[in-house]
Amino acid sequence: MIKPSTGRSVMLAADHGYFMGPTHKLENPRKMLEPLLPYADTVAVTRGILRSSIDPKWDTPILLRVSGGASVLKEDLSDEEITTSMEDAVRLNVSAVALSIFVGTPHEKQSLINLGELVNQGEDFGMPVMAITAVGKELEKRDAKYLALACRLAAELGAHVVKTYYCENFRKVADGTPVPLVVAGGPKLNTETDVFNLVYNALQEGAVGVDMGRNIWQNEKPVAMIKAIRAIVHEKATVKEAQNIFAENKSTVGEKPSVDRA
Ligand code: 5RP
């Protein structure tokens, strides 16, 4: 999932439906994902979407979302448990499993114990675990003090990689987290340049890549977006270069990746 050639990763997040339902632009996951898969180092999905919507012909490594239990209809999204067995994750031939933790919420303890339990199960099978520092509907929580705490807790409990949000003073978050960090994109930003800045800055400040969804597939030109992001992550492209790659690829529907995933 993290490419040895660069030490970095472009993870494509498409696991929103497990609590958000048919999210805008991801109503038909197969249709949206197929053109993007050649450019993703990993795709994050639930087992339901993996079975129904990702053809076995694809060799993109799978990051399997295994936590759930709440929906957007509930005010508090933190009431999650482990929803998928480690045996099924192995049977599905996934590369890693992912689970949310909700630090500072009513179900903080439950979500942290879920993480410890998932790591215990993973150790029996050699299965890496990603912890996701979820904030539910409280997007304003995304500051360095909170995220540094949540990411450190995740690493201490045994997560092999942590997904969090980019924030001001992100270096503080990265410095306190002794395992690889990737950043989510969050709700769609106003411009492509905002997204490229987020990715560029996160990498400069210690992230090893992105696990990004809506700012790729809710864009009108998702293939151009992922190609531009890929260039920042793997080719050290600047924001200006990413803008040029996006402009050059706006008419692309899907073609061979510019960077080999092998
Ligand atoms: C959904 C998730 C998403 O994978 C994560 O938020 C990344 O997606 P986005 O870039 O759209 O925020 O954890 O539960």
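Predicted model: local features only at pLDDT ≥ 70, side-chain atom pairs only at ≥ 80, totals over all residues.
## Overall form

The chain contains eleven helices and ten strands. Its C-alpha atoms fill a box of roughly 50 × 40 × 35 Å, taken along the principal axes. For 262 residues, a compact globule would have a radius of gyration near 18 Å, and the chain agrees with this, having 17 Å.

Of the 262 residues in the chain, 48% are buried. Among the contacts with a separation of 6 or more, 67% are accounted for by residues 24 or more positions apart.

## Helix H10

Helix H10 covers residues 222-235, which is 14 residues. From its first C-alpha to its last it reaches 19 Å, close to the 20 Å expected at 1.5 Å a residue. Because 13 of the 14 residues of H10 are buried, the helix is largely enclosed by the rest of the structure.

Helix H8 spans residues 192-204, and its axis comes within 10 Å of the axis of H10, with a crossing angle of roughly 25°. H8 is therefore roughly parallel to H10, since angles under 35 degrees count as roughly parallel. The crossing of H8 and H10 is right-handed. On the H8 side, the residues that take part are Glu192, Phe196, Val199, Tyr200 and Leu203; they meet Met225, Ala228, Ile229, Ile232 and Val233 in H10.

Helix H11 (residues 239-249) also packs against H10: the two axes come within 8 Å and cross at roughly 150°. That angle makes H10 roughly antiparallel to H11, because angles over 145 degrees count as roughly antiparallel. H10 passes H11 in a right-handed crossing. Here Val223, Ala224, Met225, Lys227, Ala228, Ala231 and Ile232 in H10 meet Glu241, Ala242, Ile245, Phe246 and Asn249 in H11.

Most residues other than glycine have a negative phi. Lysine 236 counts as exposed because it has 12 C-beta neighbours inside 10 Å, and a residue is exposed with 12 or fewer.

Asparagine 93 is not a glycine either, and has a positive phi of about 60°. Its place is in the loop between helix H4 (86-91) and strand S6 (96-101). With 11 other C-beta atoms within 10 Å, asparagine 93 is exposed.

Glutamate 220 is found in the loop between helix H9 (214-217) and H10. It counts as exposed, since it has 9 C-beta neighbours inside 10 Å. The C-alpha atoms of glutamate 220 and arginine 51 are separated by 27 Å, and the two residues are 169 residues apart along the chain.

Glutamine 204 lies in helix H8. Because it has 10 C-beta neighbours inside 10 Å, glutamine 204 counts as exposed. Glutamine 204 and arginine 171 are 33 residues apart in sequence, and their C-alpha atoms are 8.6 Å apart in space.

How values were computed:
Residues numbered from 1 in each chain as written. Helix = DSSP H or I, 4+ residues; strand = E, 2+ residues; numbered from the N terminus. Expected span 1.5 Å × (residues − 1). Buried ≥ 20, exposed ≤ 12 C-beta atoms within 10 Å, placed from the backbone. Rg over C-alpha atoms; globule rule 2.2 N^0.38 Å. Contact = placed C-beta atoms within 7 Å. Axes fitted to C-alpha atoms, helices over the stretch in contact; angles between N-to-C directions. Parallel < 35°, antiparallel > 145°, perpendicular 65-115°, else oblique. Left-handed = near helix turned anticlockwise from the far one by under 90°.
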